[in-house]
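Colleague: I have the model open and a few things to ask. Can we go through them in turn?

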Amino acid sequence: MFQYGRLNEVFHYIRKHDYISSERLASRFDVTDRTIRNDIQEINFVLSEHGAVIKLKRKYGYYIDVTDDSLFISFLEQLEKNVKNNIELETSKDRIRYILGLLLESDDYISLTEIMDRVYISKNTLNNYIKTIKKIVERYHLEYISKPNAGIKIIGAEDDKRKCIMDHVITYDFDNYITGFTKEERALFKGIDLDYLKKITLSQLKRRNIETSDYNIKNLIIHLALMISRVRRNNYINLLDIEIDYSIMVIVESLCQDVEEYYDIVISKGEKIYIYLHFVANTHMEATKIDDIWLEKSVFDILEIIYESYSFDLRDDEILLEDLFRHMKSIFINKTFGLNIRNPLINTIKSNYPLAFEITLTAVSKVFTKQPFVLNEEDVGYVSVHIGAAIERYFAKRLEKKNVILVCGNGQATIRMLEARLNLYFSDKINIVRCISYNEYNNYRGKDFNRIDFVISTVPLESRIVPSITVNFALKNKDIESISRFINIMNIKKGQKESGFFDEELFFRFQEVPDKESLLRVLCNRLNEKGIVEDDFIDSVLEREELGNTNMNDTFALAHPMKLCAKETKVAVAILDKPVLWNEEETVEIVFLLAIKQGVQKDIERLYDSFIEIVNDSKLQQKIIHCTDYNEFISILQ
């Protein structure tokens, strides 16, 4: 197999033809001639050790010259075998994950040559991958060992190896993860019937009326499969005795008995505790006591901080109070057992609900400061969904209904039908003040529109005294969508003012910056010089950076302080010709530094809505990166 999919396709396409021109290849794969030449070079690097080479014959095109039939046939067989085994290594992340899996699976040394042959990469590429793998395993207290003439391997505790496998070898594409078993999962757990494990797991849950999510059920099955695969290789986990709930352990014992009989293995006490812990984590069963009074106070403290810092008063939201209590209790039960639950939606949450995420992160970091109750970024992601929903409810309550006049020229019956339909769909958003005919409307004057926000009509209207929207009297789906959009635009316009979030003196274009902190200090100093923030603003910004990543993706970072402490709401902007390292592995090219005045929720909401647009539009990001000055930047945003 070659390093990525297109190389495989180019290779097989050339194999099908005696000769094939560069132009035809470029057209077939929608790339340039230069890209095709680079692809051929990459393919030949692999073929050079497998008895073949792609050559170019003038006026004819590319062809494959086989120099060693046996080597080349063996290579083709391996390619076919890899396809059947569903090994798809399209990206460097895929290849790193695959190599890490090989090393964690093996108890013996694996030679570098064997790894290069399996993944079809050069020694230089493998060395770069190993640098990443070393960083990963260090975080799990594992050790990377290299021995001359033997190869490499990873050593460490079995528990740590399994955590590393779950976090970095198993993929968590949310939609694919919950809908079935992926090709990669079946290849990783070859010889283990995942469908059988699903059947017995669901049976145990159903028999005892235990409800949990599709994602948690899949987690349980994968942990069972991992346990079986490790036990088969005589890799047992040693877990200390813990206080267990015997009503839960009965379920685990029954599940393990099914597995022992089916796979003819013996599951040790340590392995049963391993499954017990993950059963607790994924079913949210209360296996240990959490102080309810302490937790209720902590939840209220979170909402108090949100109110004091951001002026969102969510303290009386009964739905939120109940949801947060239940969810936090589940998180802390897991943490008591040393379990951290993966959040497959964390990137989606951060990208699409950045306001809720930042508010939550700031609040919980002030309330939960001691282990094991410190929340990590993935925990915060789950909690922020509850906070985000409460903020939506908060704004919905504060929005006043729009006063509307309904105009219809088709008679009383029609206008009553339309009125009923409008009330069905928009009772929480509009208040129909009057229903009138077209002729009556034409006789209306300015005073007749006092306290009227807009007009809904079945015929086009020319008056410009108040806004109007034309709909079909049957109120079709497109009319409903149009009215919703119309109301939303009115709400936005009503809340908008010439706030001047951006300022030419707060706009920077840098060829290069030394590092993240140096850049942030430059931006903070300018805000300070303009009298927007105090001297300690930079300390609050750096404190937030210590708490977690503020880059929204690999292009755009949204830096801000731990609290709202500016004298006015402004955004300092830095666009970088050369990306700056923002965390351990990721760089950014666009940096927005927020200075937000306390008590201006609408400013916060509108700003974050704009940032969501930037995060989710890669073309817009590229336009911003390539803009030459402030005026062009503002034009792009508008």
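Colleague: What share of the residues counts as buried?
Modeller: Of the 638 residues in the chain, 48% count as buried. Keep in mind that this is a predicted model.

Colleague: And the secondary structure, how many helices and strands?
Modeller: The chain has 27 helices and 12 strands.

Colleague: What about overall dimensions, what box do the C-alpha atoms fill?
Modeller: Roughly 95 × 80 × 60 Å along the principal axes.

Colleague: Salt bridges next. How many does the structure hold?
Modeller: There are 29. One of them joins glutamate 158 to arginine 162, with 2.8 Å between the closest N and O atoms. Both sit in helix α8 (residues 158-168), and because they are 4 residues apart there, about one helical turn separates them.

Colleague: Is glutamate 158 buried or exposed?
Modeller: Buried, because its relative accessibility is 11%, and the cut-off for buried is under 20%. Arginine 162 is buried as well, at 1%.

Colleague: Which other salt bridge does glutamate 158 make with an arginine?
Modeller: The side chain of arginine 230 meets glutamate 158 at 2.8 Å, N to O. Arginine 230 is in helix α12 (residues 214-232) and glutamate 158 in helix α8, so this pair ties together parts 72 residues apart in sequence. Arginine 230 is buried too.

Colleague: Where are the partners in the glutamate 377 and lysine 350 bridge?
Modeller: That bridge has its closest N and O atoms 3.1 Å apart. Glutamate 377 is in helix α19 and lysine 350 in helix α17 (residues 346-352), so to speak distant parts of the chain, 27 residues apart. Glutamate 377 is partly exposed at 26% relative accessibility, while lysine 350 is buried at 9%.

Colleague: Which residues are joined into one network by shared partners?
Modeller: Glu158, Arg162, Arg230 and Glu271.

Colleague: Changing topic, which residues form the negative surface patch?
Modeller: Glu392, Asp609, Glu613 and Asp617 form it. Glutamate 392 lies in helix α19 (residues 377-398) and counts as exposed, at 56% relative accessibility.

Colleague: Last one, threonine 587. Where is it, and what does it touch?
Modeller: Threonine 587 is in strand β12 (residues 587-595), and is partly exposed at 31% relative accessibility. Leaving out residues up to four places away in sequence, threonine 587 touches Asp554, Thr555, Pro579, Val580, Leu581 and Trp582.

Note on methods:
Residues are numbered from 1 along each chain as its sequence is written. This is a predicted model: local features need pLDDT of at least 70, side-chain atom pairs count only at pLDDT 80 or more; totals for chains, interfaces and linings use all residues. Side-chain values use heavy atoms; hydrogens and water are left out. Patches are made of residues with over 30% relative accessible area and no salt bridge: like charges are joined within 9 Å, nonpolar side chains (Val, Leu, Ile, Met, Phe, Trp, Tyr) within 5 Å. Accessible areas come from the Shrake-Rupley method with a 1.4 Å probe; for residues, only the protein chains shown count as cover. A salt bridge is a side-chain nitrogen of Lys or Arg within 4 Å of a carboxyl oxygen of Asp or Glu. Lys and Arg count as positive and Asp and Glu as negative; His and the chain ends are not counted. The place of a charge is taken as NZ of Lys, CZ of Arg, CG of Asp or CD of Glu. Helices (H or I, at least four residues) and strands (E, at least two) are DSSP runs, numbered from the N terminus. Buried means under 20% relative accessible area, exposed over 50%, partly exposed in between (1.4 Å probe, protein chains only). Contact means heavy atoms within 4.5 Å.
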